[in-house]
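Keep the viewer open and try each task before you look at the solution.

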Amino acid sequence: MEEDSPFVAAAPVLVPMPAERPYTYAVPMGMRVVPGSIVRVPLGPRQVAGIVWDGVVEKVDAKKLRPIEQVFDCPPIDRAMRRFVDWIAQYTLSPPGMVARMLLRAPEAFDPEPWIEGLQRTMLRPDRMTEARTRVLETAEGGLAWTRSGLAHAAGVSSTVIDGLRAQGVFETVMIPPRPVVAAPDPAYAQPALMPDQEDAAVMLRAGVAADAFGVTLIDGVTGSGKTEVYFEAVATALDKGRQVLILLPEIALTHAFLERFQDRFGAKPAEWHSDLTPRMRERVWRQVAEGGVRVVAGARSALFLPFRDLGLIVVDEEHDPAYKQEDRVFYNARDMAVVRGHIGGFPVVLASATPSVESRVNASQGRYNRAVLSGRFAEAALPDLKTIDMRRAPPARGGFLSPLMLDHMKRTLERQEQSLLFLNRRGYAPLTLCRVCGHRFGCPVCSAWLVEHRFRGQLVCHHCGHNEKRPEACPECGTLDHLVACGPGVERIAEEVVAHFPDARTIVLSSDLMGGVRRLRLELEAIANGEADIVIGTQLVAKGHNFPNMTLVGVVDADLGLANGDPRAAERTFQLLSQVTGRAGRTGKKSLGLLQTFQPEHPVMRAIVSGDAEAFYEREIAERERAALPPFGRLAGVIVSAVTRAEAEGHARGLRRAAPQASDLFVLGPAEAPLSLLGGRHRFRLLIQGERRADMQGFIRAMLAEGPKLRGSVRVQVDIDPQSFL
């Protein structure tokens, strides 16, 4: 640069937008930046936060460069996290700027938290003593600084008592650092007595963490076997070494019960990270994670992108859960990315599940993962007896959906003052509403999906785009009154049937779309655990790790539901879901029963669940995947083309197919209209690319996109490496 230039250097900065590479900015004289520094830079007419990135800066005329405006007083993003962002961008074919955007979700946290005004005891005495003043002075002994409200609360007095003492000089104003969002966990707080197989698994995990090297361990244990207590031992070892820990959970609703279990073991709760946090709390957690003050985070998949100062362990609980897959902007599977994060950072990763994914089981059998098996329930609690109800032989009464056998067992469970759970993975009252006179079906105006009736709210709702409308009295097509009929059951309709049979039972419906959101859901889960409900009716939300001590009957209303689509993972998903649901029964030792209503009692999934022979199911499923060269023995990628008009979407998809390079180890299927062909007013076509395990899938797709038609008009293209959904 010229000698009189106010800039001393240039730096590459990755900004949170669909940028394929960092942009180059000038570094003003006197400003110091390093790779990982979080900075504020101009981008068009806006100011945005970005990260100083690695690599050589582009050769750009210095006069054309715009300067970095500010370096935030924030710990830099470390090299391991920067490599992680680059790896995800390369693997998922996403712009690096969009991956970096997930790192920069708490902009107010880039500056230090302000110190708080506090009070500290001086040597002066008040002019007169009262009982309230005595309590305050006794509480404040020891020289600690207190906030005004904190001291008043601890001493059990009003704030005016504190103000009076400060006015007399008994307290002086001091500035105190911001409070930690959570207290520090104590690894030795309540060390558990483990069962022999738990202790064997814990020894394996402790050794892995102590080695301070990358490795993956799969904890494969039946429901209620104490997997959480086992991986808590790995957490304790990491804390003893002064490292930070991330525990991933699939659902926000699970977090509350987990936090209490963690507190019982370590004497303090972990920090939370999920979408239900207030913006202020998100900022505080982000900042204290970056500074190293927060030692353990329990969070949803996005917690992977927190800027840990010294991460030493990741635990992925319920590792099989589809909720770990993100299908928006950047498509990634948090379970797989956690393994990558551990590999890049050189620390261990623990995966835990009662029904591991086929991919994890294969990795364990091939020696890439260690595997710890917990085959018995904790404290000798027995697994439930499992039986199928053949709906061809014991059908429900006309207009009903519950078999007489199911109702009989529910009645006996009520008589014993124990709890029943009915599971149906379908929200609302009915999945379809039609007119009995003209056959009109209520569909979403912008999606190729039927509207689901929610009778509690009096609405018809699209579960894909959120469109909703009031349920009419008359058919909009033929105008006939009172001839609209609900087809098929949802959880609300099952609840209606249950109340008709058991009017005196306390019944709760659990579904993610009920009014009151996460807070209400947590309260109801707590009420069930405390025995304040007799019959629970719920969607897949009830399958996720909850402990209901008095639950002795679990009934699956439509066990065949998940088998009725062309998803190559349909059998695996159904097995996992039904195993998890029936595992809610009998966790405290009471004799329990799981009943599956099915029209296919001979189906391999039903036979595997009822026999308890999970190994046979996995062997069969793995063999079928290997024969078909499906993951993990082959690779899949989806390319979804969408546009406002069907012709645009189809034309672009066909152009991409023609542009696909020749390759012996990869081939393209489609384009075909997606099963959900219209979503949010956009027409959708899919290409599916299948190939050998070692094929260069990303290179193939990059070449196809580069040679294919350019994006024009309303066309959008999304790439989904390792798809979990085929809708």
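This is a predicted model: local features need pLDDT of at least 70, side-chain atom pairs count only at pLDDT 80 or more; totals for chains, interfaces and linings use all residues.

**Exercise 1.** In what sense do strand E9 (residues 244-248) and strand E11 (residues 296-299) pair, and over how many bridges?

Residues are numbered from 1 along each chain as its sequence is written, and side-chain values use heavy atoms, with hydrogens and water left out.

*Solution.* 
- Step 1: E9 and E11 run in the parallel sense and share four bridges. Two strands pair if DSSP finds at least two bridges between them. Strands (E, at least two residues) and helices (H or I, at least four) are DSSP runs, numbered from the N terminus.
- Step 2: For a landmark, find Leu248, which sits opposite Gly299 in E11.
- Step 3: Now zoom out to the open sheet of seven strands, ordered E10-E11-E9-E12-E15-E8-E16 with parallel pairing. Its edges are strand E10 (271-273) and strand E16 (370-374), each pairing on one side only.

**Exercise 2.** Work out which strands stand at the edges of the six-strand open sheet.

*Solution.* 
- Step 1: Write down the order, E17-E27-E26-E18-E25-E24, with parallel pairing.
- Step 2: Read off the ends: strand E17 (385-390) and strand E24 (507-510) each have a single partner strand, so one side of each has no neighbour in the sheet.
- Step 3: Check E17's partner: it pairs with strand E27 (residues 593-598) in the parallel sense over six bridges. Asp385 stands opposite Leu593 in E27.

**Exercise 3.** Describe how helix H15 (residues 570-582) packs with helix H17 (residues 614-628).

*Solution.* 
- Step 1: The angle is about 160° and the axes are 11 Å apart. Axes are lines fitted to C-alpha atoms, for helices over the stretch in contact, and angles run from 0 to 180 degrees between N-to-C directions.
- Step 2: H15 and H17 are therefore roughly antiparallel (the label for angles over 145 degrees).
- Step 3: List the contact residues (heavy atoms within 4.5 Å): H15 brings Ala571, Glu572 and Phe575, while H17 brings Ala614, Phe617, Tyr618, Glu621 and Arg625.

**Exercise 4.** How many residues apart are Phe258 and Phe262 in helix H8 (residues 255-266)?

*Solution.* 
- Step 1: They are four residues apart, about one turn of the helix.
- Step 2: Phe258 and Phe262 form an aromatic pair, 6.3 Å centre to centre with 40° between the planes, which is tilted. Rings of Phe, Tyr and Trp (its six-membered ring) pair if their centres lie within 6.5 Å; planes under 30 degrees apart count as stacked, over 60 as edge-to-face and the rest as tilted.

Definitions and conventions
Angles under 35 degrees count as roughly parallel, over 145 as roughly antiparallel, 65 to 115 as roughly perpendicular and the rest as oblique.
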